[in-house]
Amino acid sequence: MNTTRAMTALALGGFGIGTTEFATMGLLPQIAETFGIPDYEAGHAISLYAAGVVVGAPLIAVLGAKLPRKGMLIGLMLAVALGNGLSAAAQDKSLLLIARFVAGLPHGAFFGIAAVVAATLVAPERRGTAVARVMVGLTVANLVGVPLATAAGQQIGWRTAYLAVAVIALLTAAAIAAWVPLVPKVEGASMQAEVRAFGRPTVWFAIFTGMIGFGGMFAVYSYVAPLTTEVAGLPGGVVPWVLAVFGLGMTLGATFGGRFVDRSPTGSVFGGLVAVCVILVLFGLTATIPAFLFLFLFLLGFTIQILAAALQIRLMDASPDAPSLAASSNHSSLNVANGAGAWLGGLAIAAGWGYTSTAWVGVALSVAGLAIAVASVLYDRRALTRETTNQTRAMASAASTTVDTHPR
């Protein structure tokens, strides 16, 4: 088995999905101009894509619980190709929104199943690194794919970006078929087992941490193009470079951050959320200065990638008997954050508070995510204390019974 080739195939899928997800943010001005709508209304394309992820991730994971994971990965990439082909062909705003919803459906399920497959290809203590490697495709998309798609969209037309992703998705399907080995099913896997995972409070704590906490990043990143041109005063041609710097931060975060996650997934969640809060505060105070715009977007990309991998592992640990649904739900929650962050940021802009107000929206969301993470740890500690107490009582009861039944 060639693990490197298998990881490359999975990362290529992440590259295509990352490009289609984030390129829309850099192309908002061009999309808005095509359909004659304001930027924040064009941002609905971001929210509808996110809605597709939210719906598709758990639904596909549950329905496909008994299906071969390799076959599911191939089918999901074919669905990515279809959704992006429809996006490129859309002739009015409504059709584009429908196409973006369709394109989002396979997103979370692909990343979730790919993470589970990657984790089975390495030793248990290297799972964080393996999941981070799958996410490298997503980060390289932000480093290379999104800036190129944005530049091409500005020069040739935004539809070319979606066509390119459709081609990448088809290539990924072929690579998975050739390089990814067949992965044994989880013992006892079923639709019922996957659904039962949602009965565990720890799973919901992790989901809501990502759902709320990640919204902070998306509130800002969704409007990176106008932040660059309207706030920092840079020309539109600089937007691809700003996106590339954010992508570089994500790539380095995925490359080195897996080591932090291997050591402590919970510690990485807390550290990531605190760092995001600090970065967004500084970003809001200095976004008018181009150098700081670049610096803090780089740091935001670096930190957010560590946080994503940590949340992924935490969910998988919380549901060992339903890993596909748990891993997919992470991306579902992150795309709720995507849609909510873009929407709340848009509300602040529409209220006349300016584009920098998105940073303060982001701070509020990140602090709320941190509060949920704290509640999660407190719950886990209380649950462990109750379990230990019950075990102690059971042992004491058993010992007492033994003494009573064997009198001297």
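**View A. F101 counts as partly exposed, at 28% relative accessibility.** Here buried means under 20% relative accessible area, exposed means over 50%, and partly exposed lies in between, with a 1.4 Å probe and protein chains only. Please keep in mind that this is a predicted model, in which local features need pLDDT of at least 70 and side-chain atom pairs count only at pLDDT 80 or more, while totals for chains, interfaces and linings use all residues. Residues are numbered from 1 along each chain as its sequence is written, and side-chain values use heavy atoms, with hydrogens and water left out. F101 sits in helix α6; helices are DSSP runs of H or I with at least four residues, numbered from the N terminus. What separation do the C-alpha atoms of F101 and G153 have? They are 20 Å apart, for two residues that stand 52 residues apart along the chain.

**View B. K93 and E41 form a salt bridge.** A salt bridge here is a side-chain nitrogen of Lys or Arg within 4 Å of a carboxyl oxygen of Asp or Glu. The closest N and O atoms of K93 and E41 are 2.7 Å apart. This pair links distant parts of the chain, with K93 in helix α6 (residues 93–104) and E41 in helix α3 (residues 39–42), 52 residues apart. K93 is partly exposed, with a relative accessible area of 27%, and E41 is partly exposed too, at 22%.

**View C. D380 and R314 form a salt bridge.** Their closest N and O atoms are 2.8 Å apart. D380 belongs to helix α18 (residues 357–405) and R314 to helix α16 (residues 290–318), so the pair ties together parts that are 66 residues apart in sequence. The structure holds two salt bridges.

**View D. D39 lies in helix α3.** At 22% relative accessibility, D39 counts as partly exposed. The C-alpha atoms of D39 and P226 are separated by 8.7 Å, although the two residues are 187 residues apart along the chain.

**View E. V274, V278, L282, L285 and W360 make a nonpolar surface patch of about 450 Å².** Patch residues have over 30% relative accessible area and no salt bridge; like charges are joined within 9 Å, and nonpolar side chains (Val, Leu, Ile, Met, Phe, Trp, Tyr) within 5 Å. Areas come from the Shrake-Rupley method with a 1.4 Å probe, and for residues only the protein chains shown count as cover. Which helix gives the most to the nonpolar patch? Helix α15 (residues 265–286) does, with four residues. V278 has its place in helix α15 and is partly exposed, with a relative accessible area of 46%.

**View F. R126, R133, R259 and R263 gather in a patch of positive charge on the surface.** Lys and Arg count as positive and Asp and Glu as negative, while His and the chain ends are not counted. For Arg, the place of the charge is taken as CZ. R263 lies in helix α14 (residues 239–263) and is exposed, with a relative accessible area of 70%.

**View G. Helix α5 (residues 69–89) has 21 residues.** From its first C-alpha to its last, α5 reaches 31 Å, close to the 30 Å expected at 1.5 Å a residue. That expected span is 1.5 Å times one less than the number of residues. The buried residues of α5 include R69, K70, M72, L73 and L76.

Key
Helices (H or I, at least four residues) and strands (E, at least two) are DSSP runs, numbered from the N terminus.
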